[in-house]
Amino acid sequence: MDNPCLKRVFTKLPEKRWVMFLDSGELETLRNLAGGIRRDTVSRLPDLLEELEPNCQQNGIQVHWAQTTEEANSIVLNIARKADAKLAVKGKSMVSEEMELNHFLAENGIEALESDLGEYIIQVDHELPSHIIMPAIHKNREEISEVFQKKVAPAKKSDTAEEMTETARQVLRDKFRRAELGISGVNFAVAETGTLCLVENEGNGRFCTTMPRVHVALMGIEKVVGKLEDLPPLLTVLTRSATGQPITTYFNMISSPRQDGEKDGPEEVHLVLLDNGRSRMYEDELLRDTLLCIRCGACMNHCPVYTRIGGHAYQSVYPGPIGKILTPQLEGIDTAGYLADASSLCGACVEACPVKIPITDILLKLRHKKAQSKKEHHWTELEGAKNLFEKITWKGWKFAFSQPWFYRMQASILSRTAQFLPDQLPMLRSWSRFRMVPRFSEKPLHQLVEEAGIAEE
Amino acid sequence: MRRNYPEKPDKVYFMGTCLADMLYAEAGLAGIRLMEREGVKVIYPRDQTCCGQPAFNSGFQEEALEVVLHLIHCFPKAYPIVVPSGSCGAMMVRHYPELFEGHPLEQKAIEFSSRIFELSEFLHHVLKISLKDQGVPVKVTWHTSCHAKRELGLGDEAKQLVKQLENVELKELEREDECCGFGGTFSVKQPMISGEMVLDKCSDVLKTGSDYLLSGDCGCLMNIQGSLEKQQSRVQSMHFASFLWERTRGS
Ligand code: SF4
């Protein structure tokens, strides 16, 4: 759990972000603006999607709808087959992680190569991303250098960041030239113009979307915005919150396949719109706010839990606070509801989120759903027993705390006996590993006030 | 300042909270004394129990609701209700309206919520107390409760009060508003993560070289105090109400 690399990075990142927002008044204004745009957009999601589709089509972008990740995968596979593709180069896309696309394509004989440096490193090392913006953040320079030595270019010297980048660049350039298919994510899709926007720093996204003959853009349906003029505020908060940059290095706006007379660009552009549970979130007024997310990662960098355990511990595509609210909704409360428990509800994420997602309120709602859930069939016996135990505990609690006489009796018994409780009782054991068992007051407050003659009504 | 504060009232209710009742009873009484000294009559309804937060935060809203229904009946008159705990305050201010959404007593719950004040904000903004220090020179540090800051929107009211004390030197924590790892049942459901968080908080406290750790939240206090004591630290943990009262009671 104690990863010094994580600790160091995550003390620096929030600082970098704060430097971007030195003026807290300005920060608030921007968050209100960006959050307002996202909220307005998401509330009109069905309409905007209906607007986006024909506008994309008019631009020559072929639009595909996928209800599930399976559907999305087979759409991509069909496109790849038609293009006779053996090799695909990919820009960073969390939706493709959600689909486990690389794995799926590999099973079908198509190599999908990550071209974002961080994604590339973990792909080569057969790992999963541990952060949505910085997928290889859990590795330090020495570890990455070792990956390069062992798995990328044993003959080359790859000690410094520059050397490693150079090595990766050479390997990737060749692949870019050979790939028949380019796959990318989408940060924003503008409904009124049918434009796909891609934010990136390495230029690999531009390569993926221009060099190969066919480009497939993967997008969660919530990434649509209404108008071009909605973009600047969203971009500003995205780059500042994500990496502490005032502006991104590359901002790609893809509005069509290659036109007559143009020198580059793909011959075909496809947009795959993935639902995968998002329209279900849309149905609920509070849960809908999950869809506001612009995937900046700030909530992770500021989360005291994430920064201590790292992204892999969540065992889900989306780690950190956003993962805790997103994954249980994507995969179902019975399968992934436990993630909602992995929070102290401190709200540091809510404070950091540039679009003001009420993450803790959503966590509470998910916990409520989980507590109400009756589907227990797939639970192991231990999980079932734990759940039953918790239900009984709260029933007992309800009784004890709504009957004043019982409550007072319990308080006075506890104040006299708690010190003798063995700290190895199941609940106390977890507590007392790091702390002394709480010391009860000699006399509870309601007794003290009685003795002090404080008025009763 | 989180809202418009009322004029100084003649009478207030004190909602002790279950944690203060059982673990920090002295702090509760100190809070009452601090207000009485300003000429305010304090009423402590004997039947009060808990704000419902433990069950609510664990997803057991129906159970929470029943306890809250009991609680709000204990405070029938229109007096302000003062609470010596930021996170219980946040529960009552922020979450009662949603807990009661569509309930026949929704209006009553909202009205109850609007009367809730956390102790430090009440002392600072409403009673505007001034404190005369009688104690020996000491160093203290302050841990901010996440819920007081982020849900209730409190600022540095408590620190302002502490700063009034002449012989007290306030040493700021490096990461004052980072969660101490308590989080109610989080501390037992995720014991390792919670444990690491509280250890980090303690080392931050120790680095300040303070004699006292003060906080305005009994949950955080129980957590950090428990860990400091486990480490056999000489730093004493105290609710700020006890601290303020102890240092000024002779005046
Ligand atoms: S929840 Fe907010 S802070 Fe976290 S990734 Fe999404 S937009 Fe960024």
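Which residues of chain A are the closest to the ligand? They are Cys293(A), Cys296(A), Cys299(A), Ile322(A) and Cys353(A). The legends below start there, and every view shows a predicted model.

**View 1. The ligand and its shell in chain A.** The ligand is surrounded by 15 residues. Four cysteines are listed among the closest: Cys293(A), Cys296(A), Cys299(A) and Cys353(A). Ile322(A) is listed with them. Two helices of chain A, H13 and H15 (320-331), each supply at least two residues of this shell. By class, the shell holds 12 nonpolar, 2 polar and 1 charged residues.

**View 2. Domains 1 and 2 of chain A.** Chain A is divided into three domains. Domain 1 is built from two segments, 1-37 and 286-375. Domain 2 covers 44-276, and domain 3 covers 381-452. Between the C-alpha centres of domain 1 of chain A and domain 2 of chain A lie 23 Å. Their contact draws 30 residues from domain 1 of chain A and 26 residues from domain 2 of chain A. On the domain 1 side, helices H1 (4-20), H2 (24-43) and H13 (298-301) of chain A each supply at least two residues. H1(A) gives the largest share of that side, 8 residues. The domain 1 side divides into 21 nonpolar, 5 polar and 4 charged residues.

View 3. Strand E2 (residues 87-90) of chain A runs parallel to strand E3 (residues 111-114) of chain A, and 4 bridges join them. Strands of a sheet pair through backbone hydrogen bonds, either parallel or antiparallel.

**View 4. A four-stranded open sheet in chain A.** This open sheet has 4 strands in the order E8-E5-E6-E9 (chain A). Its pairing is mixed. Which strands form the edges? They are E8 (224-225) and E9 (250-254) of chain A, each of which pairs on one side only. Strand E5 (residues 188-190) of chain A pairs with E8(A) in the parallel sense, over 2 bridges. Val190(A) has Val225(A) in E8(A) as its bridge partner.

**View 5. The contact between chain A and chain B.** Chain B contributes 59 residues to this contact and chain A contributes 52 residues. Which helix of chain B gives the most to the side that touches chain A? Helix H11 (residues 191-207) of chain B does, with 9 residues. The chain B side divides into 28 nonpolar, 17 polar and 14 charged residues. For the complex, the predictor gives an ipTM of 0.94 and a pTM of 0.93.

View 6. Chain B contains 13 helices and 8 strands. Its average pLDDT is 95, and 99% of the residues score at least 70. The C-alpha atoms of chain B fill a box of roughly 55 × 45 × 30 Å along the principal axes. A compact globule of 251 residues would have a radius of gyration near 18 Å, so the 18 Å of chain B agrees. The domain assignment gives domain 1 (11-125) and domain 2 (131-248). Taken over C-alpha atoms, the centres of domain 1 of chain B and domain 2 of chain B are separated by 22 Å. Their contact takes 29 residues from domain 1 of chain B and 24 residues from domain 2 of chain B. Helices H1 (18-22), H2 (25-36), H3 (53-57), H5 (86-99) and H7 (119-126) of chain B each give two or more residues to the domain 1 side. That side has 13 nonpolar, 11 polar and 5 charged residues.

**View 7. Strand E1 of chain B and its partners E2 and E3.** Strand E1 (residues 11-14) of chain B runs parallel to strand E2 (residues 41-43) of chain B, and 3 bridges join the two. One lysine faces another here: the bridge partner of Lys11(B) in E2(B) is Lys41(B). E1(B) also pairs in the parallel sense with strand E3 (residues 81-83) of chain B, over 2 bridges. In that pairing, Tyr13(B) stands opposite Ile81(B) in E3(B).

Terms used:
Residues numbered from 1 in each chain as written. Chains lettered and ligands numbered in written order. Predicted model: local features only at pLDDT ≥ 70, side-chain atom pairs only at ≥ 80, totals over all residues. Domains from an automatic or database assignment. Contact = placed C-beta atoms within 7 Å. Nonpolar A, V, L, I, M, F, W, Y, C, P; charged D, E, K, R; others polar. Near = placed C-beta within 6 Å. Pairing = 2+ DSSP bridges. pLDDT = per-residue confidence, 0-100. Rg over C-alpha atoms; globule rule 2.2 N^0.38 Å.
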